[in-house]
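Here are my notes on this entry. Please read them with the model open.

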Amino acid sequence: MGRTDRIAEPWGRRTPYARGEAWPARVDTRLADGLAPEDVDRWVQSASILHSNGDGLDIAVKDGRIAGVRGRAGDRVNHGRLGPKDLFGWQANASPDRLRRPLVRQGGELVETDWDTAMDRVAARTRELMEERGPSSIGFYTTGQLFAEEYYTLTLIARGGIGTNHLDGNTRLCTSTAAEALKESFACDGQPGSYTDIDHADTIALFGHNMAETQTVLWTRVLDRLAGPNPPVVVCVDPRPTPVARAATVHLAPRPGTNLALMNGLLHEIIRNGWTDGDYIDRHVTGYGELRERLEAYTPEHVADICGVPAEQITGTARLLGTAERLLSTVLQGFYQSHQATAASVQVNNLHLVRGMLGRPGCGVLQMNGQPTAQNTRECGANGDMPGFRNWENDAHMADLARVWNVDPLNIPHYAPPTHALQMFRYAEEGSIRMLWISGTNPAVSLPELRRIRSVLSQDRLFLVVQDAFLTETARLADVVLPAAIWGEKTGTFTNADRTVHLSEKAVEPPGEARSDLEIFCDYARRLDFRDKDGGPLVPWNDPEAAFEGWKECSRGRPCDYTGITYAKLRGSGGIQWPCDEDHPEGTERLYADGAFWSRPDYCESYGRDLITGAPLEETEYRALNPDGRAVLKAASYFPPHEAPGGDHPFALITGRTLYHFHTRTKTARAPQLQAAAPEVWVEISPRDAAAHGIGEGDLVEIGTPRGTVRARARISGIRDDVLFLPFHYGYWDTGGDGPDGAGRAANELTITDWDPVSKQPLFKTAAARLRRVEAGGGPAPAPTTTASAPATAGTVPATRGGAAGEAEDDLPATPTGGSR
């Protein structure tokens with residue numbers, strides 16, 4: 001069998017299989033040029049950390065360096081398969097522009113220093129602010145790429161040591177709606193479904209989830225079902241003609257911002273036709289009467305007017321969903337980052353609850369994550385939740401957390417909801433937060449309304465600490481930059497979107513003096529001498545396994561119980577799904593199999609919110625609503641978006657991912673094959689809109705919103721008329737600049753500072769835009785064969801804070817012979 005170019009064919013060759021069968025293994029391998037498997041010095045167990053799928057893999061080590069990867073055939077997530085970011089992304093570890101020593105700002109520039117100088121400066125500023133302004137003057141903004149041990153340690157320091165309520169992650173941008181939608185329906189976080197439900201489903205519905213590009217290996221699993229006997233029906237809801245849409249049985253392309261109306265219309269038809277499980281509703285669910293009443297107005301004709309989807313498509317899709325024997329639904333950013341995000345996502349849960357489609361093979365919901373360790377931020381309390389899915393409004397829960405940490409409950413802030421990310425940046429803008437510690441993320445490119453964000457981060461009164469592996473756009477604005485080890489250079493566990501826990505072992509040493517995030521956090525705690533009630537160190541561990549044991553104790557008896565998991569048990573395993581405890585020693589494949597939910601008032605993580613206003617329910621209200629701990633059907637009416645297209649801004653602008661990049665490209669743009677596959681920002685335009693504006697394929701166009709402008713090459717696609725799409729990955733580090741000079745190329749120059757009232761997730765898919773042609777392009781620009789060079793970091797750095805063993809799959813060319821975009 002010949003070579004497979006995994007850039008041009010990102011899902012690899014097919015291994016067809018039938019419903020109910022186990023997904024066959026296929027081991028994908030990628031090694032450095034000229035290196036044969038027998039030449040590898042050793043293979044080290046890990047899993048992928050450039051998407052949320054959690055693909056099990058082994059790291060090849062040669063002469064003390066990472067030299068490739070291979071899939072783990074026995075892993076329950078991927079059965080040996082790897083996606084393009086898995087196969088090529090490891091090359092970023094050896095990038096010559098890795099940060100190797102700490103940097104501090106002197107005379108307006110960042111200069112290299114030693115760890116003691118950098119950490120003493122951070123600790124000293126912390127003490128000053130604690131004495132002068134109190135714990136609320138300090139905030140922490142983290143990532144979705146650290147390990148559970150690191151998140152838990154950071155949470156213990158921030159909440160138990162400093163006592164600040166200001167701790168959140170960039171998972172607020174990608175997964176907070178997933179968590180809140182699960183809390184609204186089940187009163188607790190935790191994915192009900194399992195990836196293995198793909199093997200059993202007869203219908204798979206993807207709601208705003210471009211699985212083909214965000215989770216390539218999971219889409220490979222769907223493609224293999226489609227290539228086998230009795231393939232499933234696939235329903236896709238997306239305004240773009242994604243690979244999922246092209247493979248789907250039915251593709252619904254609603255107007256951006258109308259997802260809730262569409263879901264209400266589908267549920268209206270399912271209930272009207274009696275495609276419900278009355279016995280399941282009677283025994284396990286509350287709120288059915290209100291839901292049915294609220295849905296009465298959402299006839300197919302009314303919904304068609306709102307969404308721009310033909311009424312017959314709505315009725316036909318409702319029939320498919322309502323008569324499926326085994327229905328699996330997945331949800332992602334097309335819902336999470338859109339208007340009425342939580343309300344729309346909750347209706348997907350409602351679909352499964354009224355049909356009784358939970359807890360059985362092929363019957364499940366996956367409110368997906370956008371990042372590899374997003375699930376851990378939620379479990380460990382690093383993203384606006386409390387550790388172990390504890391309820392911040394429940395005094396008994398807070399007392400129990402204080403017991404685990406051996407601190408006074410009053411030391412743990414729970415006087416108000418934990419502060420969400422966009423509110424933290426507002427506090428920094430207003431001056432109440434005076435120190436912000438950013439770890440492993442790049443808000444100077446990833447947050448909405450970038451001109452404002454750069455202004456916030458550039459304030460002289462804000463002491464900015466950035467912990468990263470590269471000199472990102474955000475790191476260039478910092479007062480102190482701490483060089484961090486990354487995947488492959490440290491040990492820890494992480495949990496994917498279907499609750500599978502993997503162990504990632506240290507394979508090589510980090511470059512220079514870079515340290516793991518866990519080492520950095522522990523050093524910080526020691527310098528501040530945080531103590532528990534008995535005078536012992538608040539953070540009593542110094543290594544990952546001891547930190548994991550601490551996290552296990554915090555999880556004991558909670559929904560995300562890890563107490564049955566050990567490093568020894570994870571070594572050599574194919575991953576273990578929590579809860580894993582004495583009653584479930586091998587883990588738990590699906591939740592709620594017996595209709596028993598984690599929703600009892602004394603146990604639940606959340607009492608819920610109003611889906612329209614976000615107003616929280618009081619404990620007494622929740623007890624009256626749900627005294628028996630059932631699942632909750634929550635209804636919501638559709639309202640138009642705050643910023644609707646019209647007048648000078650007739651287009652709806654949406655942003656999203658591309659298959660070859662992850663977040664702001666700090667790793668993927670340093671992998672030559674990935675960068676060559678998608679080197680520059682582009683904008684998708686429908687044929688009608690392109691013709692109306694005199695735009696041809698590859699022309700340079702300008703997209704503008706009330707907040708800024710971006711220039712990009714045009715791609716003419718089957719996207720909905722009056723809708724524009726920009727990938728959000730492209731910033732400025734590889735142009736040698738800190739921000740735009742005139743028109744930018746970062747999509748978030750254009751996005752609005754607005755968020756969902758329940759999840760507080762930014763609305764990246766709700767902006768009114770204009771469009772104009774700038775110059776002819778003569779077709780798409782040719783893709784480079786190597787990544788752009790980045791600024792060196794040795795010595796003085798000119799950074800300012802001003803202004804704005806497989807078959808066929810394993811023998812891959814170093815430079816792609818073809819490109820799939």
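What volume does the largest pocket have?

1. This is a predicted model. Its largest pocket has a volume of about 480 Å³. The lining of that pocket counts 31 residues. Nearest the centre lie G384, W392, P417, P418 and R609.

2. Two elements give two or more residues to this lining: α4 (176-186) and α17 (421-430). The most come from α4, which supplies four. By type, the lining residues divide into 12 polar, 10 nonpolar and nine charged.

3. The largest nonpolar core holds 203 residues. Within this core, F207, W437, Y524, I703 and L726 touch the most other members. Another core, of 28 residues, lies apart from the largest one; L173, L462, L471 and A478 are among its members.

4. Take W437 next. Leaving aside neighbours within four places in sequence, W437 is in contact with M119, V122, G139, F140, Y141, V465, Q467, L482, I520, F521 and Y524.

5. W437 is also one of the residues of strand β15 that point one way, together with M435 and S439. L436 and I438 point the other way. Five of the five residues of β15 (residues 435-439) are buried, so the strand is largely enclosed by the rest of the structure.

6. Strand β7 (residues 138-142) pairs with β15 in the parallel sense, over four bridges. Here G139 stands opposite L436. Strand β16 (residues 463-468) also runs parallel to β15, joined by five bridges. In that pair, I438 stands opposite V466.

How values were computed. Residues are numbered from 1 along each chain as its sequence is written. This is a predicted model: local features need pLDDT of at least 70, side-chain atom pairs count only at pLDDT 80 or more; totals for chains, interfaces and linings use all residues. Side-chain values use heavy atoms; hydrogens and water are left out. On a 1 Å grid over the protein atoms alone, a cavity is a set of points where a 1.4 Å probe fits but cannot get out, and a pocket is an open set with protein on both sides within 12 Å along at least five of seven lines; lining residues have an atom within 4 Å of a point. Grid points are joined across faces, edges and corners, and a volume is the space filled by probe spheres set on the points. Ala, Val, Leu, Ile, Met, Phe, Trp, Tyr, Cys and Pro count as nonpolar, Asp, Glu, Lys and Arg as charged, and the others, Gly among them, as polar. A nonpolar core is a set of buried Ala, Val, Leu, Ile, Met, Phe, Trp, Tyr and Cys residues joined through side-chain atoms within 4.5 Å. Buried means under 20% relative accessible area, exposed over 50%, partly exposed in between (1.4 Å probe, protein chains only). Contact means heavy atoms within 4.5 Å. Two strands pair if DSSP finds at least two bridges between them.
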